[in-house]
Amino acid sequence: MTRARELLARATNPTATVFILLVLVFAAVFAMNPGFFAGPSLMAFLKQAAPLVILAAGQYFVIVSGNFDLSVGALVGAQVVIAARLIDGEESRTVPVLIVMALFGIAVGLVNGLITTALKVQSFITTLGMLLVLYGAIRLWTGGAPTGSLSEAFRVPGRMGIEDVPVLGQIPWALLIMVALGAGAVLLMRTRFGRILLAAGDNERAAALSGARVDTARTLAFVLSGLSATVAGVLIGGFAGVSAQVGDGLEFTVITAVVLGGVVLGGGRGSVLAAMAGALVIEGLFTLFNQMALPATLRPAVQGAIIIAAVAYAARARARPVPTATATPTPS
Amino acid sequence: MTGPLLAMRGIDKAFLGVPVLSAVDLTMEPGEVHALVGENGAGKSTLMKILAGVHTADAGTIELDGRAVSFTHPLQAQQAGVASVFQEFNLLPELTVAENVHLGREPKRRMLIDRRAMTESTAAVLADLGVEDLSPAAKVGTLSVAHQQITEIAKALSQGADLICMDEPTAALADAEVELLYRLIGRLRERGTAVLYVSHRLKEIFDLCDRITVLKDGRLVDTTAAADITPDDLVAKMVGRRIEAQFPDRLPGTETGEVRLRITGGGNDRVDAIDLEVRAGEIVGLAGLQGSGRTEIAEAVFGIAPFTRGSIEVDGAPIRITKPRKAINAGIALVTEDRKAQGLALRQSVRANARMVLDANARVHSRARLARVSGLLSSLDLVARGEDQEVRFLSGGNQQKVVVAKWLAAEPGIIVLDEPTRGIDVGAKHKLYSVIRELAAEGLAVLLIASELIEVIGLADRIAVLHDGRIAAELPGGATEQQVMAYATGRGPE
Amino acid sequence: MTQRLAGPRLGTTALIYLALAGVLVVGGAAVAMDGGNLFATANLVDMLTRTSLTGFLAIGMTLVILCRSLDLSVGYTAALSSLVAATTMDGQAGNVPLAVAAVLLVSGFVGAFNGAVTAYLGVNPFITTLGTGLIIKGYLDTQYKGPAGDVPAVFQQFGYTRIGPVPVSALVMLLVAAAAIWFLRSTRIGHHMYAVGGDADVARMSGIRTGRTLLVAHILCGMTAGAAGLLLAARFGTGSAEAYTNLYELDAIAAVVLGGTLLLGGKGGVAGTVAGVAILAVLDTVFNVLQIDPFAKDVLRGVVIIAAVAIYARRQLDRHARRPRFAEGRAS
């Protein structure tokens with residue numbers, strides 16, 4: 001009986017909810033199309049989902065420390081355009097340009113973080129400003145439309161993989177990168193840095209009084225988000241080609257994914273694994289919509305309704321009285 | 001009018017099964033200024049909060065003007081004519097005095113806010129209080145604490161309050177401002193408004209109050225006319241002897257060693273001329289009234305609000321502590337007064353909190369220390385479902401053990417404990433007392449701040465008594481509560 | 001910033017109008033050096049025309065931000081409203097009153113949904129209004145493949161007629177702004193918005209119904225988005241689902257915070273917002289006249305918003321010093 005209750009309690013825990021949601025979504029996908037779980041189509045799905053999962057991990061670091069990063073979509077777009085323009089079809093430039101992109105991603109994160117922590121500008125405003133700056137600067141630089149083209153080598157991570165694997169067909173590089181970075185993110189959250197990040201998002205004052213460098217940790221979270229946008233830019237550019245619009249609105253999809261993963265806006269709660277699972281749920285939903293032949297145009301509506309419902313559910317679960325008494329007497 | 005304005009009878013209240021008030025009676029007449037006194041933890045604030053509708057009594061009756069009332073929300077108390085001025089003001093800094101005074105009850109004319117009436121009636125209330133230098137149009141955020149307090153009182157009066165509760169109203173006031181409050185309370189008495197005055201400043205109590213009710217350990221000791229009692233007798237009634245006050249003795253083998261912490265001429269904007277030494281193996285108590293500068297000394301030593309004058313030495317070496325990191329690296333730990341706001345990340349696990357100091361400071365982090373965290377928690381007798389449990393689900397006492405553990409994990413040489421037993425149950429208190437003794441035996445220098453005098457007296461080897469930001473006296477460990485209280489209230493030696 | 005000016009400090013609203021004057025002077029000088037005249041009728045008309053659309057949205061946005069909420073759905077609401085207006089009018093001048101009523105009803109309903117979910121279900125307004133925006137987007141994309149409806153000439157006047165250099169739409173916007181200023185000052189529920197955003201607990205303790213106040217703010221915000229939709233319909237002569245792609249909501253939020261309203265609520269006002277809108281419009285016009293790349297304006301806009309909020313944050317910090325018991329330098 002108590003076991004059953006404990007299981008129920010776990011199931012209603014917002015973090016666990018996302019995994020149940022994940023199972024439900026894929027059960028529905030399977031019901032509609034049993035062939036989905038055949039190796040190649042599953043691999044294709046994961047290849048497509050990888051950028052969002054990586055972005056979700058990056059955004060998680062920022063959100064869990066108590067901030068927002070609205071600039072990732074614009075940064076993804078900027079990175080793709082930068083790559084095309086600088087590489088301009090020259091294979092030999094691939095690696096140097098990748099380094100430039102990484103530095104650019106780090107710089108954007110650093111600026112976001114420093115403005116937010118040192119100048120005390122709310123991250124919503126900081127990253128909104130950064131979104132506008134990136135959006136304008138990239139179009140200014142390219143004169144409105146992206147120029148140049150990507151090299152073949154650049155496109156490998158986004159579209160290629162280990163070929164001719166039995167059962168699976170191709171194991172996409174994107175999937176391997178996603179797994180590696182995902183594992184890295186999970187491990188990072190177990191380090192001192194990750195613990196400080198969580199503590200700072202939960203109670204900034206307590207963390208600071210324990211000697212934590214809260215501002216530094218938060219700034220690094222923005223840098224990680226900038227780097228995740230860089231990797232996502234490489235994958236998306238490779239997969240879908242060059243367009244300045246690739247990142248438009250992506251920040252909202254990513255935040256949706258993270259929040260769906262039970263990570264609470266305001267910080268201190270949720271796991272990075274659940275955030276990435278949230279991204280898979282979103283991608284799974286898109287697949288499901290495809291199979292249901294739901295008009296592509298209707299997808300945002302369903303997405304919107306689901307996010308509101310999921311968060312309202314989580315808010316209710318949190319508002320319920322806790323099992324053990326938490327009140328402490330405070331006689332003067 | 002016949003009968004009292006307020007009659008509270010047989011009030012009981014317990015938190016988590018710990019009785020805080022039992023069978024307390026309190027009556028007040030119109031226009032009476034009534035002092036409610038007692039040591040910290042005696043139940044004054046709880047009684048006041050029951051009257052204000054913040055808490056609800058477990059048993060007992062409350063009658064206002066002869067009508068039985070029962071409040072479950074502060075709004076109900078306000079509507080019945082009971083207003084409260086807490087130490088944390090219920091004011092909006094971005095609004096004006098007039099807007100705050102009328103918040104939620106703005107005067108209307110043809111459906112719209114009548115700003116003129118609002119200003120005029122605020123001006124009228126202020127004039128009635130004899131306050132001339134406060135404009136109804138002033139923004140509250142720009143006012144002094146005293147003027148904010150006046151705004152609160154004006155708000156209470158404009159709500160038609162017959163009874164105003166004031167919780168330590170002078171705690172944050174400068175001397176000149178206290179004068180103003182005296183005048184104000186005089187005016188309230190003339191108007192027939194009753195004032196329940198919670199304080200432990202004897203001078204004010206005898207200056208202002210008609211009657212005095214003394215609480216001790218949640219029980220009524222006496223209600224007496226102020227004219228019928230001397231200050232010394234009042235202090236004796238407040239302190240007395242405790243039933244359950246048992247403190248562990250100094251552990252055998254505890255040796256007082258070298259000076260680990262030395263403050264010379266320490267001062268900043270809140271404290272001044274602080275000279276203090278704490279030796280290895282020694283427990284030094286800091287006693288004083290709320291706002292006397294106890295916490296400020298702790299915060300200065302820990303680099304939160306550093307001293308701007310004087311010097312600090314740790315283990316004989318001068319050191320400038322400008323932020324908590326520096327204090328931690330110098331081997332100082334601070335168990336803060338408010339564990340929920342400053343000590344714990346409530347949504348994180350016991351383990352995450354217990355290793356927070358190690359995680360946050362590369363120089364104190366070590367695998368060996370991390371490995372000892374679990375043992376530390378169990379040696380503190382932590383009761384939790386496991387180290388994965390979020391600390392918000394723990395009782396106050398167990399939460400405090402987690403805070404203590406996170407500091408001990410860093411193996412400090414100096415530990416400052418600011419109100420370590422506030423709001424925790426008796427069992428946890430006794431455990432903490434033993435832990436403090438053990439720390440001293442291990443050679444730590446312990447600086448103990450406590451409002452409950454008995455704790456300081458029972459544990460400390462020496463007691464520094466603070467009054468108004470300065471050390472008024474340094475007493476030996478065996479001092480009596482009367483002696484400490486005499487210095488803390490600014491009356492000097494007996 | 002270390003030096004402090006003597007004398008009374010300028011209010012934030014005064015400061016923002018001073019900044020507006022400064023922008024006008026500098027912009028005027030820049031245009032003059034280029035051989036033009038910023039204050040020529042054509043340029044004035046351009047400036048004022050630019051203010052009206054963002055102005056409507058920003059006025060409503062001010063109300064919700066004052067309550068410590070947010071509305072990311074206003075761009076979508078405006079697009080939806082333009083379609084409701086154009087299809088209801090259907091080219092008939094006689095249908096105009098009905099159409100206006102329908103628009104206000106629909107947009108007010110969207111606001112009510114946002115407000116109710118935020119206030120009563122405890123969902124973070126960022127998520128609520130993001131979700132609502134997506135739902136409307138899905139509906140618009142599915143239902144309308146292009147422009148729809150027909151706005152009669154008489155209503156198109158609202159978009160184009162001028163009195164002297166002042167477009168009617170700008171006048172109407174200023175009237176709405178004046179009404180909003182009056183509403184915040186003279187009605188109880190408007191006045192209570194400051195309390196709800198300033199400190200919800202104090203508001204509740206003073207007997208204010210915080211949920212209802214928030215709900216009303218959201219309804220009014222929805223309705224001003226409806227007014228913006230009417231203006232869009234009048235300008236285009238038809239309803240346009242595509243209007244949401246312009247990210248009007250971000251412009252509106254930018255104008256509000258530029259106007260000195262605190263993103264965390266409780267402080268600010270519509271007068272400042274109007275100045276914020278005007279500053280953005282002047283900058284746009286100056287850029288236009290100087291024929292600077294339009295994308296540079298996004299960059300500048302991002303920088304201006306961050307800088308403004310950083311300055312406001314600075315001013316806030318200065319105020320929170322505690323009063324000393326011992327003055328510095330006093331001998332002991």
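Chain C of this predicted model contains 13 helices and two strands, where helices (H or I, at least four residues) and strands (E, at least two) are DSSP runs numbered from the N terminus. Its C-alpha trace spans about 85 × 55 × 30 Å along the principal axes. Of the 332 residues of chain C, 55% count as buried. A residue is buried if 20 or more other C-beta atoms lie within 10 Å of its own, exposed if 12 or fewer, and partly exposed in between, with C-beta atoms placed from the backbone. Contacts, defined by C-beta atoms (placed from the backbone) within 7 Å, can also be sorted by sequence separation. In chain C, 79% of the contacts with a separation of 6 or more are between residues 24 or more positions apart.

Residues are numbered from 1 along each chain as its sequence is written, while chains are lettered from A and ligands numbered from 1 in the order in which they are written. Because the model is predicted, local features need pLDDT of at least 70 and side-chain atom pairs count only at pLDDT 80 or more, whereas totals for chains, interfaces and linings use all residues.

Chain A has 14 helices and two strands. Its radius of gyration is 21 Å, close to the 20 Å that the globule rule gives for 332 residues, so chain A is as compact as a globular protein of that length. The C-alpha trace of chain A spans about 70 × 55 × 35 Å along its principal axes. Buried residues make up 52% of the 332 residues in chain A, and 78% of its contacts between residues at least 6 apart in sequence join residues at least 24 apart.

The confidence of chain A is given by pLDDT, the predictor's confidence in each residue on a scale from 0 to 100. The mean for chain A is 86, with 91% of its residues at 70 or more.

Chains A and C touch each other: 37 residues of chain A are in contact with 37 residues of chain C. On the side of chain A that touches chain C, α6 (123-142), α12 (250-260) and α14 (299-319) of chain A each supply at least two residues. By class, that side of chain A has 27 nonpolar, seven polar and three charged residues. Here Ala, Val, Leu, Ile, Met, Phe, Trp, Tyr, Cys and Pro count as nonpolar, Asp, Glu, Lys and Arg as charged, and the others, Gly among them, as polar.

In chain B, an open sheet of six strands has the order β6-β9-β10-β3-β11-β12, with mixed pairing; two strands pair if DSSP finds at least two bridges between them. β6 (82-85) and β12 (219-225) of chain B stand at the edges with a single partner strand each, so one side of each is left without a neighbour in the sheet. The twist averages 20 degrees from one strand to the next. Helix α5 (residues 145-158) of chain B packs on this sheet, touching β6 and β9 (163-167) of chain B, and its direction makes about 175 degrees with that of β6(B). Axes are lines fitted to C-alpha atoms, for helices over the stretch in contact, and angles run from 0 to 180 degrees between N-to-C directions.

Strand β11 (residues 211-216) of chain B runs antiparallel to β12(B), and six bridges join them. B:Arg211 stands opposite B:Ala225, and B:Lys216 stands opposite B:Arg219. β11(B) and β12(B) form a hairpin with two residues between them, and B:Asp217 in the turn has a positive phi of about 50 degrees.

B:Asp210 lies in the loop between α7 (202-208) and β11 of chain B. B:Asp210 is partly exposed, with 18 other C-beta atoms within 10 Å. Beyond four places in sequence, B:Asp210 touches B:Glu32, B:Val33, B:His34, B:Ala225 and B:Ala226. The C-alpha atoms of B:Asp210 and B:Ala35 are separated by 7.8 Å, although the residues are 175 apart along the chain.

Notes:
Contact = placed C-beta atoms within 7 Å. Rg over C-alpha atoms; globule rule 2.2 N^0.38 Å.
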